[in-house]
There are 2 protein chains.
Amino acid sequence: MTDDQANGAIVAKTLADHAYQRIRRDIVAGKLAPGSKLRLEALTKRYDVGMSPLREALARLVGDALAVIEGQRGFWVAPLSIEEFEDITRVRGLIETEAMQRSIERGGPEWETAVRKAYDELSRLERKLKKKGDESLPLWEDANRRFHEALVAACGSPWLIRFRCMLYDQSERYRRISLTRSAADRCVHDEHEAIVEAALSRQVLKACRLTELHLRRTADVVREALAAEDRKRA
Amino acid sequence: MTDDQANGAIVAKTLADHAYQRIRRDIVAGKLAPGSKLRLEALTKRYDVGMSPLREALARLVGDALAVIEGQRGFWVAPLSIEEFEDITRVRGLIETEAMQRSIERGGPEWETAVRKAYDELSRLERKLKKKGDESLPLWEDANRRFHEALVAACGSPWLIRFRCMLYDQSERYRRISLTRSAADRCVHDEHEAIVEAALSRQVLKACRLTELHLRRTADVVREALAAEDRKRA
DNA sequence: TTAGCTTAAATTTTCGAAATTTTAAAGGCG
DNA sequence: CGCCTTTAAAATTTCGAAAATTTAAGCTAA
């Protein structure tokens, strides 16, 4: 479970693995539209694999709740909805804070080092993002993920980590379709800094509160963007 | 999500679906030994399906954390360990109590009715189990699952329900290998009764405490059985 | 003996096409 | 005109075997 997803090898040894990782990335990034049909023949061409490994990859994604399957009718990209986003956010608060608490209580010096390192890397990319612009957004996304992973890495619970990762992926889908970059524009850096400080000084309650606040703030932005989209469509 | 597992159709429309459900049941029930290799050719015969639907079914199980895959080396039944069991139990406590709380706060009359019905059915099967013996154990397992599902069904959070279901399945694996029937022998009925009473009288805290106690008691029995097994092996 | 190498067997993985089912279109009728 | 049935096209699902990889066995040499 050292990978950034709940299961699956770090390096793809089979075509099915490879397809799984690529399709997964594309769903999370929103390149495959939420709710859209996954036509098998089209995908075999797009990802350059045969039917068998493709279906295997999609079946794994069903288990990850990133795709849905209906017998004899095929696969779809898992749809998004405001209601589900609210649910994800609430449950994520529960999981993240529990993991954060345990991580703070159990984390040793290696944990501290890793958190600082992830934070520094994230800060570096935020400065870069300000200068260069959106082209380095994927790198920021990656660093942001690693930063939040590092914070809870010492919680000692593979199942908390697994659930947290699933919810993070789901949240990222909403973030990515509702805002291309405003996430980084926000005072997100300050929020991260505050969390790091609280965590490293072992202030459990403060770190958890700040984490919840961080989630709520992000949720607010997404919610607003989703609502705006709805208004535009009507 | 009306099914008893997180994803997948209620009725199997394809061979892959069918194989998925059957293999899943066998893993949860311990008929496929934890950690054992899943040889594809053997499985195609045992479940009477071809390679393609079989691999698809196994891929789904990987997503459910009931099987693991290693590139070019195949599939295994997910292994069990005492450490993981402790982890599952702790996280399950977190999820179950959160779901229980919300369910009590939001549950309407239909919820109450469903809980009572599930409880009555479970009680009926417990009496039957005392008389007839182990042959009706699978039925009891089923009723027990439905009972605990009914309790949290009104929580209003698909994701909580999904996670809860995953952890319940995982726990069941441990229960089933470590005790064939002592679970029902225990004063488990009284514990269930107490939970139902607390839940239906909307005593959130009490219901949660009792749920945690219930989990802890079950965990104690499993832990002891696992330890005994270890001693015997050494 | 044991470690390393070679070869054979077993197993997993993948392909390409046939079989099945769903979806869309066309035709007929009240 | 709308609705039901029939027919054709499209898409999914499954099979059977070839290709690739791992595992086990046999053999040689230090």
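Me: What makes the copies, chain A and chain B, meet through the same surface?

Reply: The model is predicted. In it, 100% of the interface residues of chain A are also interface residues in chain B, so the copies meet through the same surface.

Me: Why is the relation of chain A to chain B called that of a two-fold axis?

Reply: A rotation of 180° superposes chain A on chain B, with 0.0 Å of shift along the axis. The RMSD is 0.0 Å. That is the relation of a two-fold axis. In chain A, the C-alpha nearest the axis belongs to A:Gly63, 2.0 Å from it.

Me: What makes H5(A) roughly antiparallel to H6(A)?

Reply: Two packed helices are described by the angle between their axes and the distance between the axes. Helix H5 of chain A spans residues 109–132, and helix H6 of chain A spans residues 137–152. Their axes cross at roughly 160° and come within 9 Å. Angles over 145 degrees count as roughly antiparallel, so H5(A) is roughly antiparallel to H6(A). The crossing is left-handed.

Me: Which residues of H5(A) and H6(A) meet, and what is their make-up by class?

Reply: From H5(A), the residues include A:Trp111, A:Val115, A:Tyr119, A:Leu122 and A:Glu126. From H6(A), they include A:Leu139, A:Trp140, A:Asn144, A:Arg146 and A:Phe147. By class, the contact has 15 nonpolar, one polar and four charged residues.

Me: Why does A:His148 count as buried?

Reply: Its relative accessibility is 8%. Buried means under 20%, so A:His148 counts as buried. A:His148 sits in helix H6 of chain A. Not counting residues up to four places away in sequence, A:His148 touches A:Arg164, A:Tyr168, A:His192 and A:His214.

Me: How do you know that A:Glu172 counts as buried?

Reply: The value for A:Glu172 is 3% relative accessibility. The cut-off is under 20%, so A:Glu172 counts as buried. A:Glu172 belongs to helix H7 of chain A, residues 158–178. With residues up to four places away in sequence not counted, A:Glu172 touches A:Val28, A:Glu141 and A:Arg145.

Me: What makes B:Tyr47 buried, and where does B:Tyr47 lie?

Reply: B:Tyr47 has a relative accessible area of 3%. Under 20% means buried, so B:Tyr47 is buried. B:Tyr47 lies in the loop between helix H2 (40–46) and helix H3 (51–63) of chain B. Leaving aside neighbours within four places in sequence, B:Tyr47 is in contact with B:Arg22, B:Ile23, B:Asp26 and B:Leu32. B:Leu15 is 32 residues from B:Tyr47 in sequence and 9.7 Å from B:Tyr47 in space, C-alpha to C-alpha.

Key. Residues are numbered from 1 along each chain as its sequence is written. Chains are lettered from A and ligands numbered from 1 in the order in which they are written. This is a predicted model: local features need pLDDT of at least 70, side-chain atom pairs count only at pLDDT 80 or more; totals for chains, interfaces and linings use all residues. Side-chain values use heavy atoms; hydrogens and water are left out. Axes are lines fitted to C-alpha atoms, for helices over the stretch in contact, and angles run from 0 to 180 degrees between N-to-C directions. Helices (H or I, at least four residues) and strands (E, at least two) are DSSP runs, numbered from the N terminus. Angles under 35 degrees count as roughly parallel, over 145 as roughly antiparallel, 65 to 115 as roughly perpendicular and the rest as oblique. A crossing is left-handed if the near helix is turned anticlockwise from the far one by less than a right angle, and right-handed if clockwise. Contact means heavy atoms within 4.5 Å. Ala, Val, Leu, Ile, Met, Phe, Trp, Tyr, Cys and Pro count as nonpolar, Asp, Glu, Lys and Arg as charged, and the others, Gly among them, as polar. Copies are superposed by least squares on the C-alpha atoms of residues with pLDDT of at least 70 in both. Buried means under 20% relative accessible area, exposed over 50%, partly exposed in between (1.4 Å probe, protein chains only).
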